Amino acid sequence: SLEEIQAERDAEIERTKESVTDRMQATFEEMEKIKEQLLVSQRELAEANSAAELSASLRAEINVYRASEEKHKAEVLKLETSLRLAVKHIEEIKRANVDKVDKALVKNMLIGYLTGPQSSKDQILRLLSTVLNFSEE
């Protein structure tokens, strides 16, 4: 009968609606999962970009420090060279001055010996021999 056919069609339509609704619900749930994954991926991408920027910044900073270090190394080398030359010059001056005697000192000691009392002459002679690096030989 017509009513039975209509009831079957209505039941078939209802089953189809439920099936489509279930598939739509599953599709929406899958879309929500994909949206969440997309958000996570976007956050991870932003973090990776920040890390890449930080890394580039740190590399640039390291390059600046390396250049500064090289400059300082060159300066230290220059200063060490200057110091070695200064020490060498001082040593040369010391060697040159070892045998020099202050003329005014010797003159005053000699005048003291010639004009001073007899009791101080031995002491002045010993002092004069020390200044002039005389030995007992």
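**View 1. F28 in helix α1.** F28 belongs to helix α1, residues 2-97 (helices, H or I, are DSSP runs of at least four residues, numbered from the N terminus). The model is predicted: local features need pLDDT of at least 70 and side-chain atom pairs pLDDT 80 or more, while totals for chains, interfaces and linings use all residues. Residues are numbered from 1 along each chain as its sequence is written, and side-chain values use heavy atoms, without hydrogens and water. F28 is partly exposed because its relative accessibility is 46% (buried is under 20%, exposed over 50%, partly exposed in between; 1.4 Å probe, protein chains only).

**View 2. The salt bridge of R15 and E12.** The N to O distance between these side chains is 2.6 Å (a salt bridge puts a side-chain nitrogen of Lys or Arg within 4 Å of a carboxyl oxygen of Asp or Glu). R15 and E12 are 3 residues apart in helix α1, about one turn. R15 has a relative accessible area of 47% and E12 one of 41%, so both are partly exposed.

**View 3. The salt bridge of K73 and E69.** The closest N and O atoms lie 3.8 Å apart. About one helical turn separates K73 from E69, because they are 4 residues apart in helix α1. The structure holds 3 salt bridges.

**View 4. K121 over the ring of Y113.** K121 lies 5.2 Å from the ring centre, over the face of Y113 (a charge sits over a ring if NZ of Lys or CZ of Arg is within 6 Å of the ring centre and within 35 degrees of the ring normal).

Methods
Helices (H or I, at least four residues) and strands (E, at least two) are DSSP runs, numbered from the N terminus.
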